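Please open the structure in a viewer and keep the selection tool at hand.

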Amino acid sequence: MVIPGRFNGPPGSGNGGYCAGVFAGAFPPAPTQVGRCEVTLRMPPPLEIALSVVDGRVQAPDGSLVAEVAAGDEVVAAVPPVGYAEAVAASTGYAGFADHPFPTCYVCGPARTDGLGIFPGRRADGTTAAPWTVPADVSPATVWAALDCPGGWAVIGAGRPYVLGRIVARLERMPRPGDQCVVRGALVAAEGRKALVHTTLYGPDGDELARARATWIAITG
């Protein structure tokens, strides 16, 4: 199992959501389209290195623990839907356009021309919304990636970077290539360096496709 270099988050390491989706897919029974799985990242996921999964432990060749995978509990609340036009309007105010801790992030990096192009703007109620045109090579890991950053941007602020620590996701139905979807994010609670967020993916018809609960960790130093 190798995470290709293009699926980065912070420079030199994998996007947390995408990597979590890949790791979840290697955990029996693999949650391909419908399933629930929890992934805890123990270190920045390395790129272009062969990783192994044994008994729910993702390890690098030197034995370093990269992540732990387990059956997930219930993903509690969906973030309420908004219309596609509302998501487009919110996206124009995306804070990452002006100040992004990782501008080449595969999911939300404005410096990428080959990423997912998900730019979650903050709404008046503090939640985020972003439009997303589903790429031709969409996979379950792509959906996990789409469920990642929109939650983080509900807490990320100027000079206050966060990274994903843990995510549990439930996929009900895969989007189709070319679908114009909406991704929503919301901050549920924050204490110290940790923030709990929810995200939800909606399809073109407004039906829920997937949801996630995640813990983000503030970077210090």
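Predicted model: local features only at pLDDT ≥ 70, side-chain atom pairs only at ≥ 80, totals over all residues.

Residues are numbered from 1 along each chain as its sequence is written, and side-chain values use heavy atoms, with hydrogens and water left out.

**First stop: the core**

Select Phe 23, Val 39, Val 107, Trp 132, Trp 144 and Leu 201, the residues with the most contacts inside the largest nonpolar core, which has 57 residues. Strand S10 (residues 208–218) contributes the largest share of this core, six residues. A nonpolar core is a set of buried Ala, Val, Leu, Ile, Met, Phe, Trp, Tyr and Cys residues joined through side-chain atoms within 4.5 Å; buried means under 20% relative accessible area, with a 1.4 Å probe and protein chains only. Strands are DSSP runs (E, at least two residues) and helices are DSSP runs (H or I, at least four), numbered from the N terminus.

Now centre on Val 39. Leaving aside residues up to four places away in sequence, Val 39 touches, among others, Phe 23, Val 69, Trp 144 and Ile 167; contact means heavy atoms within 4.5 Å.

Select strand S9 (residues 194–202), where seven of the nine residues are buried. Strand S8 (residues 180–191) pairs with S9 in the antiparallel sense over nine bridges; two strands pair if DSSP finds at least two bridges between them. Ala 189 has Leu 196 of S9 as its bridge partner. In the turn of this hairpin, Gly 192 has a positive phi of about 60 degrees.

S9 also pairs with S10 in the antiparallel sense, over nine bridges. Here Leu 201 has Ala 210 of S10 as its bridge partner. Five residues lie between the strands of this hairpin, and Gly 206 takes a positive phi near 85 degrees.

**Last stop: Asn 8**

Which segment holds Asn 8? Asn 8 lies in the segment before helix H1 (16–25). Asn 8 counts as buried because its relative accessibility is 9%. Display its surroundings: the residues that Asn 8 touches include Leu 47, Thr 104, Tyr 106 and Arg 112, not counting residues up to four places away in sequence.

Notes:
Buried < 20%, exposed > 50% of the residue type's maximum accessible area, 1.4 Å probe, protein only.
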